[in-house]
Amino acid sequence: MILATGIGLGLGYNALRPQPLPWVAKPLPQMRALEDSTAADSSSLENPQIIELSKDSTSTRVERQRYDTMPVQPPVGAIDSSTHSVTQVAPSSPETTTVPATHLADTSTVKSTPPAQSAYSDIPESEDPIKVSLAQTKKFFDRGNVVILDARDPEEYAEGHIQGALSAPTDSKMGDIEWLQKMAQDPRPIICYCSGGDCELSIELATELTRTGHRRVLVFEEGFPAWQSSGYPVQEGSAP
Amino acid sequence: MIGDWRYLFRFALGVLFIWAALGKIADLNHFAYDVHNFHLLPRAVENVFAMVLPWIELVAGLLLILNVAPRSGTMVLGGLLVIFLFAIVSALVRNLDIACGCFGTKDAGVTGLITLFRDIGFLALAVLGYPWRNPVILAEPVQIEAESPPL
């Protein structure tokens with residue numbers, strides 16, 4: 001009797017909710033990987049020394065040194081610690097504009113020049129998220145004008161995250177319709193990541209974003225551990 | 001029946017489960033996500049499980065507080081606690097770094113030993129609160145001498 005009452009009330013309550021849970025959870029999409037041609041970083045190919053170094057067993061260390069010394073173009077949302085401002089870079093323009101960091105949490109208030117659609121020609125539109133590799137992620141990071149979302153808990157985000165990434169914990173953002181719709185209207189590609197391994201937070205978040213209507217959502221499955229171990233720019237601090 | 005000391009345990013258990021149920025009902029999407037994270041159920045039934053579980057907890061918890069059908073209520077909640085125990089142990093064995101979701105969004109802690117011992121404690125409440133039937137004390141057998149039927 002208790003079970004029957006509970007089942008009846010549960011199903012009835014769900015049916016009356018404004019946005020009821022579907023009876024059968026939609027399966028996570030089988031993500032396809034972004035074609036390798038897009039991963040080839042032209043700047044890397046033009047530099048034979050880097051290819052030579054990559055063959056070495058100490059390539060990780062060497063790559064790290066290389067990225068430590070190379071000029072890194074700050075991604076969208078990157079915080080300039082000296083001026084407490086947020087850098088916005090349009091790929092088609094060398095000009096850099098800044099907006100106050102206080103506007104970072106609300107992506108709708110960030111005034112960036114909408115990039116031309118051709119800027120994303122190497123990222124196909126898709127109704128499902130697309131997997132990207134570490135190299136591809138780094139390429140988009142360097143190019144800028146992407147939104148990088150950290151799907152992990154805020155505590156993990158505060159301990160370290162990809163430089164310029166926004167905190168978007170899947171647990172809280174999944175049900176935040178307003179935020180999802182706001183993100184869906186952003187023309188820039190979105191890259192989601194979490195802790196790598198078995199972590200599905202980034203896939204869940206990316207799936208929700210595509211269901212809301214965004215058509216260029218990428219998932220960096222290897223996640224923050226791979227990014228950090230490669231020596232790429234990371235940042236500490238609580239959520240913007 | 002209310003004066004029964006076991007009722008105190010059932011009352012505590014009922015309050016706990018009502019609290020837990022309300023937390024889950026308040027954010028059903030989040031709870032469904034927590035259920036998914038355990039990877040114990042087929043994806044096809046995860047949402048239905050998430051829909052009905054909090055309400056079963058709520059109904060059983062209310063019955064315990066009202067002291068209506070205490071045996072059934074305690075058994076249902078005890079059974080749920082055994083299932084939760086299995087899920088927690090399973091998550092620990094698989095080294096899953098996931099939120100318990102036991103009390104909805106209010107319980108964002110990672111499933112770990114604390115969660116395990118907490119569940120065992122709740123299970124102890126159910127065992128102590130279960131209205132076991134009093135053992136029947138049999139009197140000493142009395143030998144009844146058969147009287148000789150009247151002739």
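In helix H1 of chain B, the buried residues are Arg10(B), Leu13(B), Gly14(B), Leu16(B), Phe17(B), Ala20(B), Ala21(B), Lys24(B) and Ile25(B). Here a residue is called buried if 20 or more other C-beta atoms lie within 10 Å of its own, exposed if 12 or fewer do, and partly exposed in between, with C-beta atoms placed from the backbone. Helices (H or I, at least four residues) and strands (E, at least two) are DSSP runs, numbered from the N terminus. The model is predicted, and local features need pLDDT of at least 70, side-chain atom pairs count only at pLDDT 80 or more, and totals for chains, interfaces and linings use all residues. Residues are numbered from 1 along each chain as its sequence is written, while chains are lettered from A and ligands numbered from 1 in the order in which they are written.

The buried residues of H1(B) pack against helix H2 (28-38), H3, helix H4 (70-93) and helix H5 (113-129) of chain B. Contact means that the C-beta atoms of two residues, placed from the backbone, lie within 7 Å. H1(B) covers residues 6-26, and its 21 residues should span 30 Å at 1.5 Å a residue, which agrees with the 30 Å between its end C-alpha atoms. The expected span is 1.5 Å times one less than the number of residues in the helix.

Helix H3 of chain B (residues 43-66) has 24 residues and reaches 36 Å from first C-alpha to last, close to the expected 34 Å. A bend of about 30° occurs in H3(B) at Phe49(B); this is the angle between axes fitted to the seven residues ending there and the seven starting there. Leu64(B) also belongs to H3(B). Leu64(B) counts as buried because it has 29 C-beta neighbours inside 10 Å. Leaving aside neighbours within four places in sequence, its contacts are Arg10(B), Phe11(B), Leu13(B), Gly14(B), Pro70(B), Gly73(B) and Thr74(B). Leu64(B) and Ala12(B) are 52 residues apart along the chain, yet their C-alpha atoms are separated by 8.9 Å.

The backbone after this helix deserves a look. Most residues other than glycine have a negative phi. Just after H3(B), however, Asn67(B) takes a positive phi of about 60°. Ala69(B), in the loop between H3 and H4 of chain B, has a positive phi near 50°. With 15 C-beta neighbours inside 10 Å, Ala69(B) is partly exposed. In chain A, Asn145(A) has a positive phi near 60° and is placed in the loop between helix H5 (134-143) and strand S6 (147-150). Asn145(A) is buried, as 23 other C-beta atoms lie within 10 Å.

Chain A contains 10 helices and 11 strands, and 34% of its 240 residues are buried. Among contacts in chain A between residues at least 6 apart in sequence, 70% join residues at least 24 apart. An open sheet of 6 strands runs in the order S1-S5-S10-S9-S6-S8 (chain A), with parallel pairing. Strands S1 (32-33) and S8 (166-167) of chain A stand at the edges, each with a single partner strand, so one side of each has no neighbour in the sheet. Two strands pair if DSSP finds at least two bridges between them.

Strand S10 of chain A (residues 217-220) is joined by 3 bridges to the parallel strand S5 (residues 130-132) of chain A, where Ile130(A) has Leu218(A) as its bridge partner. S10(A) also pairs in the parallel sense with strand S9 (residues 190-193) of chain A over 4 bridges, and Cys192(A) stands opposite Val219(A). From S9(A), the chain crosses through helix H9 (residues 201-212) of chain A to S10(A) in a right-handed β-α-β crossover. Right-handed means that, with the strands pointing away from the viewer, the path from the first strand over the helix to the second runs clockwise. Val217(A) and Val219(A) point one way from S10(A), Leu218(A) and Phe220(A) the other way, and all are buried.

Finally, the two chains meet in a contact that takes 19 residues from chain A and 24 residues from chain B. On the chain A side, the largest share, 10 residues, comes from helix H1 (residues 2-16) of chain A.
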